[in-house]
Amino acid sequence: MTKKTINIILGIIFILFAVMQINDPDGWLWFVIYIVVAAICLYSIFKSIPKPALWIIILALLAYCGFHFSLFMDYLQTDNKEELFGEMVYEKPYLEGTREFLGLLIAAFGVMYQLKKTKT
């Protein structure tokens, strides 16, 4: 698969991620995060983005990811891993924290892919 094809797929995936956040209480934040990553993937099809800008975005995503790391560690210590895919339970904040941690990690990897050099 070419980098262009992969970027189209990534762009569509992150647009879908963004749309799925609309009904969330803090959906605007996640919508912006995912739509920015989608825009980076789709823009990269036509023009390259300066690596320092990509690194700043990657570091920002990973820094925000760090805020959720302790909740992710709490989740890893639970017995019922399937509950991550169930309904949000307010007594278990590690569920939402883990989802946000993983979402930010996926977004960071989407931007990291843009650092890959295109073969000519």
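## Overall picture

Of the 120 residues of the chain, 35% count as buried, where buried stands for under 20% relative accessible area, exposed for over 50% and partly exposed for what lies in between (1.4 Å probe, protein chains only). The model is a predicted one, in which local features need pLDDT of at least 70 and side-chain atom pairs count only at pLDDT 80 or more, while totals for chains, interfaces and linings use all residues. Residues are numbered from 1 along each chain as its sequence is written, and side-chain values use heavy atoms, with hydrogens and water left out.

The chain holds five helices and zero strands, these being DSSP runs numbered from the N terminus (H or I, at least four residues, for helices; E, at least two, for strands). Read from the N terminus, the order of elements is α-α-α-α-α. The C-alpha trace spans about 50 × 25 × 25 Å along its principal axes. Among contacts in the chain with a separation of 6 or more, 65% are accounted for by residues 24 or more positions apart, a contact being heavy atoms within 4.5 Å.

## Helix H1 against H2

Two packed helices are described by the angle between their axes and the distance between the axes. H1 and H2 pack at an angle of about 165 degrees, and their axes are 8 Å apart; the axes are lines fitted to C-alpha atoms, for helices over the stretch in contact, and the angles run from 0 to 180 degrees between N-to-C directions. H1 is therefore roughly antiparallel to H2, on a scale where angles under 35 degrees count as roughly parallel, over 145 as roughly antiparallel, 65 to 115 as roughly perpendicular and the rest as oblique.

The crossing of H1 and H2 is left-handed, meaning that the near helix is turned anticlockwise from the far one by less than a right angle, whereas clockwise would be right-handed. From H1 the contact draws on residues including Asn7, Phe14 and Val19, and from H2 on residues including Phe31, Tyr34 and Leu42. By class, the residues of the contact of H1 with H2 divide into 14 nonpolar, two polar and no charged (Ala, Val, Leu, Ile, Met, Phe, Trp, Tyr, Cys and Pro count as nonpolar, Asp, Glu, Lys and Arg as charged, and the others, Gly among them, as polar).

## Helix H1 against H5

The axes of helix H1 (residues 3-20) and H5 come within 11 Å and cross at roughly 155 degrees, which makes H1 roughly antiparallel to H5. H1 passes H5 in a left-handed crossing. In this pairing, Leu10, Phe14 and Phe17 of H1 meet Ile106, Ala107 and Gly110 of H5, a set with five nonpolar, one polar and no charged residues.

Thr98 lies in helix H5 (residues 93-112) and counts as buried because its relative accessibility is 0%. Its side chain reaches the backbone oxygen of Leu71 at 3.5 Å. Leaving aside residues up to four places away in sequence, Thr98 touches Leu71, Phe72, Tyr75 and Leu84.

His68 is found in the loop between H3 and helix H4 (69-76), and with a relative accessible area of 9% it is buried. Not counting residues up to four places away in sequence, His68 touches Gly97, Glu100, Phe101 and Leu104. Phe46, in the loop between helix H2 (27-43) and helix H3 (51-67), counts as exposed at 70% relative accessibility. The C-alpha atoms of Phe46 and Lys4 are separated by 8.8 Å, although these residues are 42 residues apart along the chain.

Technical notes
Polar contact = N/O pair within 3.5 Å; in protein donor to acceptor, adjacent residues only side chain to side chain.
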